[in-house]
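Please read this report alongside the sequence and the three-dimensional view. It starts with the chain as a whole and then turns to selected parts of it.

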Amino acid sequence: MKRTIFNQIKIAVILLLALAGWGCTEKETQVEVSSVSLNTATIEMVEGETFSLVATVLPKDAEYDGVIWASSNASVASVNSGTVTAVKEGTATITASAGGKSSTCTVKVSTKVVAVTSITLDKTSLSMKVGETETITATVNPGNATDKSVTWGSSDVSVATVSDGKVTAKKSGTAIITAKSGSCIAECTIAVSVDVESVTLDKTSLELTIDETVQLTATVK
């Protein structure tokens with residue numbers, strides 16, 4: 001009986017020692033993370049774009065609770081499981097962490113550029129008198145174009161000048177007013193004339209014989 005109890009105690013002790021040894025072995029053989037790296041260190045993006053960051057954790061058999069992603073400024077660039085979304089113009093730093101190690105990527109976000117596709121004028125031709133002024137209105141499309149500024153010009157400033165769409169007639173003649181936005185151009189033809197105040201002839205009376213001819217000269221004012 002005593003021998004049986006002794007054997008049972010012996011077996012229990014051996015099992016306890018084996019379990020304790022197994023636990024120590026497990027703890028000693030746990031592989032820690034040595035490094036975390038990303039597939040790129042910098043990204044240049046435009047508002048609305050997305051980019052996939054890939055984190056590589058070494059060694060491959062390291063034990064960790066997954067990669068944790070974070071952004072220094074989520075209002076500029078947010079990150080979700082490695083997918084970076086450009087929100088607005090600015091700079092943000094994306095960090096990937098695992099097992100006490102980390103790696104970063106700098107994200108530079110620029111404003112999305114919407115190009116001008118067309119420009120139209122509310123007038124394509126004008127007849128003006130010297131000294132008169134007219135206003136031409138330009139419409140730039142699309143309405144959300146990044147740069148909707150308009151540059152005005154005249155083919156002959158001695159005939160007609162233009163400033164921010166306001167045309168001034170200078171002297172009799174023809175000039176083409178141009179409005180340019182981006183690479184798009186629209187035109188308006190300006191015909192300038194003068195009011196006739198008087199017409200005089202170089203002779204006020206003539207005495208002619210049959211078949212005789214005389215050249216008269218008219219002066220317009």
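## The chain as a whole

Of the 221 residues of the chain, 22% count as buried, where buried means under 20% relative accessible area, exposed means over 50% and partly exposed lies in between, with a 1.4 Å probe and protein chains only. This is a predicted model, in which local features need pLDDT of at least 70 and side-chain atom pairs count only at pLDDT 80 or more, while totals for chains, interfaces and linings use all residues. Residues are numbered from 1 along each chain as its sequence is written, and side-chain values use heavy atoms, with hydrogens and water left out.

The chain holds one helix and 20 strands; these elements are DSSP runs numbered from the N terminus, with helices being H or I over at least four residues and strands being E over at least two. Among contacts between residues at least 6 apart in sequence, 50% join residues at least 24 apart, a contact being heavy atoms within 4.5 Å. The chain exposes about 14800 Å², of which carbon and sulfur atoms supply 52%, as computed by the Shrake-Rupley method with a 1.4 Å probe, where for residues only the protein chains shown count as cover.

In soluble globular proteins, nonpolar side chains tend to be buried together. The largest nonpolar core here has 22 residues, and those with the most contacts inside it are Leu121, Ile136, Trp152, Val167, Ile177, Cys188 and Ile190; such a core is a set of buried Ala, Val, Leu, Ile, Met, Phe, Trp, Tyr and Cys residues joined through side-chain atoms within 4.5 Å. At least two residues of this core come from each of β10 (118–121), β11 (125–129), β15 (160–163), β16 (166–169), β17 (173–181) and β18 (184–193), and the largest share, five residues, is that of β18. A second, separate core of 21 residues includes Ile43, Val76, Ala77 and Ala96.

Leaving out residues up to four places away in sequence, Ile136 touches several residues, among them Leu121, Leu126, Trp152, Val167, Ile177 and Cys188. Cys188 counts as buried because its relative accessibility is 0%, and Cys184 counts as buried at 14%. With a disulfide taken as a pair of cysteine sulfur atoms within 2.5 Å, the count comes to zero.

Ser181 lies in strand β17 and is buried, with a relative accessible area of 1%. The side chain of Ser181 reaches the backbone oxygen of Ser149 at 3.0 Å. Residues up to four places away aside, Ser181 touches Val116, Ile119, Val140, Asp147, Lys148, Ser149 and Val150.

Ala186, in strand β18, is also buried, at a relative accessible area of 9%. Beyond its neighbours within four places in sequence, Ala186 is in contact with Ile119, Thr120, Leu121, Ile177, Thr178 and Ala179. Ala186 and Ala138 are 48 residues apart in sequence, and their C-alpha atoms are 8.4 Å apart in space.

Strand β6 (residues 77–80) has a covered face formed by Ala77 and Val79, and an uncovered one formed by Ser78 and Asn80. β6 pairs with strand β7 (residues 83–86) in the antiparallel sense over four bridges, where pairing requires that DSSP finds at least two bridges between two strands. Ala77 stands opposite Ala86 in β7. The two strands form a hairpin with two residues between them, and Ser81 in the turn has a positive phi of about 55 degrees.

Definitions and conventions: Polar contact = N/O pair within 3.5 Å; in protein donor to acceptor, adjacent residues only side chain to side chain.
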